[in-house]
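Please have a look at it first, and then I will take it part by part.

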Amino acid sequence: MASLEELRGELDCLDEQIIALFEKRMEVCSLVADYKIENGRKVYDRAREQEKLLKAASRVEHAYNKKGVQELFTLLMSVSRKLQYQKLSACGTTGRLPFIEVKELDVKNSRIVFQGVEGAYSEAALKQYFGDEVNSYHVRTWKDAMDAIEDGAADFAVLPIENSSAGAVNEVYDLLVEYENYIVGETVLPVSHVLAGLKGSKEDEITRVYSHPQGLMQCEKYLYDHPAMEKISVPNTAVAARKIVEEQDVHHAAICSAYAASLYGLEILREQVNDNRHNSTRFIIVTNQKIFLEHADKISICFELPHESGSLYQIMSHFIYNDLNMTKIESRPIEDRPWEYRFFVDFEGNLADGGVKNAIRGLREETKSMKILGNY
Ligand SMILES: O=C(O)C(=O)C[C@]1(C(=O)O)C=C[C@@H](O)C=C1
């Protein structure tokens with residue numbers, strides 16, 4: 001039997017040949033890129049890649065190697081595409097993105113909409129981002145807020161997108177797909193819920209608790225430890241507080257902010273009922289224009305992928321090859337297509353950066369229906 005040294009020597013020799021061939025292949029890919037630039041052809045040719053993968057598999061004998069050689073060629077073609085996108089970027093043929101860079105948001109002359117009623121966390125987020133002096137009003141649902149932006153009834157909307165304990169706010173993700181509105185900012189609001197009731201109410205005599213479904217979720221442990229409290233969802237935590245005043249029942253309480261409790265003259269029966277002490281919610285600022293601030297450093301996109309093995313893995317390479325740091329990924333079911341998903345990705349960067357433009361070009365060609373949700 002050959003020694004390990006001898007076998008390694010043989011591998012080194014083969015690898016040298018593979019490296020030399022790889023370099024030759026990349027030189028040809030570079031010429032292909034020149035041809036495509038000259039003739040306005042797309043980099044990604046799905047049919048050609050599939051044909052190559054089938055052919056590669058047919059040239060090897062064992063099932064294990066068939067899969068291996070396909071993986072190898074998938075990677076080779078992916079590296080080839082990345083080189084081609086880079087060449088396209090370098091000669092300025094990546095095309096202009098339909099987003100306009102602005103120095104600042106015109107807040108002074110704007111109307112800002114939030115969902116809920118006075119005292120809602122969305123209102124607190126609005127004040128945290130825009131200050132106290134802005135012209136704001138409220139609507140009943142998140143969809144109403146999106147409509148107000150789309151119609152131009154408001155210039156900006158403040159919507160919750162993610163909570164540190166309950167996770168993504170799914171409905172808002174879906175609305176970002178449905179509407180031609182774009183994210184231009186974000187703000188993270190520490191969220192501390194209280195149990196609030198009428199004067200004279202006692203925590204251990206409460207039989208019904210109102211809150212927003214997210215509020216109820218964020219206080220799951222507290223509510224589990226108080227099984228007598230029936231949980232009732234209402235459109236907003238501040239609506240819950242208002243309901244206690246309307247009902248005048250000492251056995252009813254609301255899970256809301258201390259601010260909402262004081263606004264509606266309620267007594268705090270228990271401070272901090274949220275499970276997580278560092279509970280906070282990230283809110284996005286949405287507008288109907290395709291604009292981004294010059295110092296924006298985070299991009300949100302969403303896309304669909306072919307329903308086949310490895311497609312998400314392939315797509316991730318656009319972030320890796322362009323040195324982009326992906327900070328978040330979510331998936332949501334696609335309406336009317338059971339068990340198929342739309343992916344939402346956040347990554348660091350500005351739409352004016354070369355690497356970002358390059359990645360977006362590749363993502364656009366290789367995903368089904370990619371949408372830039374905003375740069376902020
Ligand atoms: O044949 C092409 O059009 C190429 O760009 C070359 C190549 C490859 O590396 O083989 C790369 C990208 C295409 O999607 C298909 C194949």
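Let me begin with a term: two strands are said to pair if DSSP finds at least two bridges between them, and the helices (H or I, at least four residues) and strands (E, at least two) that I name are DSSP runs, numbered from the N terminus. What you see is a predicted model, in which local features need pLDDT of at least 70 and side-chain atom pairs count only at pLDDT 80 or more, while totals for chains, interfaces and linings use all residues. Residues are numbered from 1 along each chain as its sequence is written.

With that in place, look at the open sheet, in which 5 strands follow the order E9-E8-E10-E7-E11 with mixed pairing. Strand E9 (230–233) and strand E11 (267–270) stand at the edges and have a single partner strand each, so one side of each is left without a neighbour in the sheet. From one strand to the next the twist averages 40 degrees, where axes are lines fitted to C-alpha atoms, for helices over the stretch in contact, and angles run from 0 to 180 degrees between N-to-C directions. Strand E8 (residues 208–211) runs parallel to E9, the two being paired over 4 bridges, and within that pairing Tyr210 has Ile232 in E9 as its bridge partner. Helix H9 (residues 237–247) packs on this sheet, where it touches strand E7 (193–197), E8 and strand E10 (252–257), and its direction makes about 150 degrees with that of E10; contact here means that the C-beta atoms of two residues, placed from the backbone, lie within 7 Å.

Now to strand E12, and here I need the word buried: a residue is buried if 20 or more other C-beta atoms lie within 10 Å of its own, exposed if 12 or fewer, and partly exposed in between, with C-beta atoms placed from the backbone. How many residues of strand E12 (residues 280–287) are buried? The count is 6 of the 8, so E12 is largely enclosed by the rest of the structure. Strand E4 (residues 156–163) pairs with E12 in the antiparallel sense over 6 bridges, with Glu162 opposite Arg282 and Leu159 partnered by Ile284. Strand E6 (residues 182–190) is also antiparallel to E12, over 8 bridges, and there Thr187 has Phe283 as its bridge partner.

E4 itself is mostly covered, since 8 of its 8 residues are buried. Strand E2 (residues 111–115) runs parallel to E4, joined to it by 3 bridges, and Phe114 stands opposite Val158. E4 also pairs with strand E5 (residues 167–168), antiparallel and over 2 bridges, and these two strands form a hairpin with 3 residues between them.

Turning to the helices, the 36 residues of helix H1 (residues 4–39) should span 52 Å at 1.5 Å a residue, and its end C-alpha atoms are 51 Å apart, which agrees; the expected span is 1.5 Å times one less than the number of residues. H1 is hardly covered, with 1 buried residue among its 36, and just after H1 comes Gly40, with a positive phi of about 60 degrees. By contrast, the buried residues of helix H12 (residues 354–366) include Ala359, Ile360 and Gly362, and what covers the buried residues of H12 includes helix H11 (311–321) and strand E17 (368–375).

Which residues lie around the ligand? They are Cys29, Val32, Tyr44, Asp45, Arg48, Glu49, Lys52, Met77, Ser80 and Arg81, a residue being near if its C-beta atom, placed from the backbone, lies within 6 Å. H1, helix H2 (46–58) and helix H3 (63–90) each supply at least two residues of this shell.

Most residues other than glycine have a negative phi.
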